[in-house]
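Have it open while you read, and let's go through it piece by piece.

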Amino acid sequence: MAKFEEVGPHAPITESIRVDLVHPRARLGVTIRAVVAVVIVAIMLFPVIWLALTMVKTRPDAVAVPPKFIPYFPEGLLSDWCMVPQLNKDGTPKLGKDGQPVLKERDVCFDVTLEGIVGLFFERRTLTPAQQKQYMESPEFGWADRILLRRGLVITGPSEFVDRFRNSLIIAGTSTVLAVTFGLLAAYAFSRFDIQGKPDFLFFILSTRMLPPVVVTIPIFLMYRQLGIYDTHIGMILLYTVFNLSLSVWLLKGFLDEIPKEYEEAALVDGYSRMQAFRKVVLPQAATGIAATTVFCLIFAWNEYAFSLMLTSDVARTMPPSIASTQGAGGIEWAIIATASMLFLIPVVVITFALRQHLLRGVTFGAIRQ
Amino acid sequence: MTATTALQAEKVTPRHRVRRISDKTIQTAFILPTMVLLILWNIFPLFYSLYLSFTEYSVISGAPPRWVGFENYRNVLSDPLIWKYFALTGRFALLSVGLQTIIGFAMAMIVRAKFRGSGFITTLILIPMMLSPVVVGKFWAMIYNPTFGPLNYLLGMPPPRGPDWLANPEFALWSVVLVDVWMWSPFVMLLCLSGLKAIPEYLYEAAAIDRASAWFQFWRITLPQVAPLLMIAILFRTIEAFKQFDVVMGLTGGGPGDATELIAVKLYRIAFLGRFDTGIASAFAYIVLIIIIAISNLYIRYLNRLRGEA
């Protein structure tokens, strides 16, 4: 704020301060809220943190009793704290042959491994101990092979993960773009033109969201089989587009209603065509709404499980059913599942963070304005 | 002279031709793709499954559907187990939506205050709802695990003292509720937060001038103003609770026994496992749909009344 001497006594008052908000008690209140908020974040994110820790655990560490919480790098970060001298029965440190104390890992510590990450990308086969020894000595294996060799596994080829991930990107990405585009067009028409039976149309669009997936799955399954688009990308893209359309139309209509009609009318008077007015006047104004709608559609299409499980088998299967059915030889490979889940989470989180300002505003419209 | 030439030149530019598209055409062209998609993917399946619900049919048998009238509906409605699952789903919806509402609203009240990094923290809280529900189910199953799961350990109940949350019929439903609450409270928070942000500041200013207590401000300003959005959140979450499938499949698969056999899981089992009873599943699905629409209507009516008063 400019000083009084600079602006003088007759300068206009440009800002006001709510006295009740700068009171020390109010300020203390905000501090307490901030602390509580951080605690909430810690609790809410614990499962996600656990996911991240599991990513870098070996298979025995992932299911160790008691559970291991502290990652360390051998000879590196945190290893000083995690490796403690082993004690003899009389309490003296046990010494090795070289006279150095023998170290052991604390219960809560585990050393970081990339097994899960490598395991996610490659198919593996178990080796006999003799083979393992022979392979370990062979120089022709790269770092990724060596990580698995240490566990007695050899890479036999790329896993299906990359395919599934690509399917998810194609299907969720395309269907989100389509849902937002078609939704925007329909929302514009509903917002700007007098359409006969408009409320009925809109309710019909909303009600499509209420259907339990199984009601539509069986007929769609039969229809897809008939049309020959069962287990195809195009089939899944269209399905997800339709399921996001209702949300997209409703949210975007709320946004477009907020944009004054006068803007376009002015543009029309200035010689723009309706299409040009839509492109050059309405679209930039609706950016926030488009962003928020995109996030919601993407989260749904990206994470959808039931349809993908029932309507795809191999060609077009997306990540969620694939993660859910990940099995290793003899037991669940938690590290691989965790890695797949984390890699799968990242795109959505990045996009949400990038658009978070829009998201907060975005939810207001469409919900409040009806 | 020059002006006329310019005008004539203008007339032959493509822009002018574009203008000849009438509003009516644009309107139709804009709505058409949405309508075609919705009709093909929703109306057709809806009527087709209505037809199937009156037939005996299995997608894997290859035999054509055989008309049986209301028999499927009679079978479903006279099955006491189905009613048990409906009651269970109702209990699940009540518990989980109730808790989500309270927790989501409380979180919104806390993060509504502007402090350094509050926007960042709000977005962090949203992360659970960005996860794939089935992954969430799978991973929470690990967290709940009585031997190597971190939950019992952190609660100070190392094995073998801690309960097996998912295998114990008493705790199983609560465990599913907890996961659902964890995942979707942020959604309620987001809706409440946008409601809170929309409350005009002058209401609080007036209350502050009148020296109204914080309690009074909450009951007379905050709650009534947020109520419509809160109701929308509750509506969405109730609809979703009746459709709950992914998390349960990942966590318990309906077990132990049938302690968490929600209707959506049962529906899947009838339709896609065992005998693939498409006819019965369709009839069952229709009953579920009618119930969801009835509940939604109750909510929407209440919501409209709330709006009318506000």
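## Domains of chain A

Domain bounds here come from an automatic or database domain assignment. For chain A, that assignment gives domain 1 (11-55), domain 2 (115-159) and domain 3 (162-362). Domain 2 of chain A and domain 3 of chain A have C-alpha centres 40 Å apart. They do meet, though: 8 residues of domain 2 of chain A are in contact with 8 residues of domain 3 of chain A, where contact means C-beta atoms, placed from the backbone, within 7 Å.

Which helix gives the largest share of the side of domain 2 of chain A that touches domain 3 of chain A? That's helix H6 (residues 115-121) of chain A, with 6 residues. Helices (H or I, at least four residues) and strands (E, at least two) are DSSP runs, numbered from the N terminus. By type, the residues on that side of domain 2 of chain A split into 4 nonpolar, 3 polar and 1 charged.

Residues are numbered from 1 along each chain as its sequence is written, and chains are lettered from A and ligands numbered from 1 in the order in which they are written.

The predictor gives the complex an ipTM of 0.81 and a pTM of 0.83. Chain B averages a pLDDT (the predictor's confidence in each residue, from 0 to 100) of 84, and 92% of its residues score at least 70. Within chain B, confidence is highest in helix H5 (residues 80-111), at a mean of 93, and lowest in helix H1 (residues 2-12), at 46. Residues 1-13 of chain B have pLDDT below 50, and this stretch makes 2 contacts in the model beyond near neighbours in sequence. Where pLDDT is low, the predicted coordinates should not be read in detail.

## The two chains, side by side

Chain A has 19 helices and 6 strands, and chain B has 15 helices and 2 strands.

Along the principal axes, the C-alpha atoms of chain A fill a box of roughly 90 × 80 × 35 Å, and the C-alpha trace of chain B spans about 95 × 70 × 40 Å. Buried residues (20 or more other C-beta atoms within 10 Å of their own; exposed is 12 or fewer, partly exposed in between; C-beta atoms placed from the backbone) make up 39% of chain A and 41% of chain B.

## Interface and core

Where the chains meet, 75 residues of chain A are in contact with 80 residues of chain B. Helix H3 (residues 24-55) of chain A gives the most to chain A's side, with 14 residues. That side divides into 62 nonpolar, 8 polar and 5 charged residues.

A nonpolar core is a set of buried Ala, Val, Leu, Ile, Met, Phe, Trp, Tyr and Cys residues joined through C-beta atoms within 7 Å. The largest one has 160 residues, and A:Ala186, A:Leu239, B:Cys192, B:Leu267 and B:Phe284 touch the most other members. H12(A) gives the most to this core, with 15 residues. The core lies between domain 1 (11-55) and domain 3 (162-362) of chain A, because both give residues to it.

## Two close-ups

B:Phe284 touches B:Val76, B:Leu267 and B:Ile270, leaving aside residues up to four places away in sequence. Helix H14 (residues 263-272) of chain B is mostly covered, with 9 of its 10 residues buried; B:Leu267 and B:Ile270 are among them. Just after H14(B), B:Gly274 takes a positive phi of about 60°.

Over in chain A, A:Ile229 sits in the loop between helix H11 (213-227) and helix H12 (233-258). Is A:Ile229 buried or partly exposed? A:Ile229 is partly exposed, because 18 other C-beta atoms lie within 10 Å. Its C-alpha atom is 9.5 Å from that of A:Leu311, 82 residues apart along the chain.

Key
Predicted model: local features only at pLDDT ≥ 70, side-chain atom pairs only at ≥ 80, totals over all residues. Nonpolar A, V, L, I, M, F, W, Y, C, P; charged D, E, K, R; others polar.
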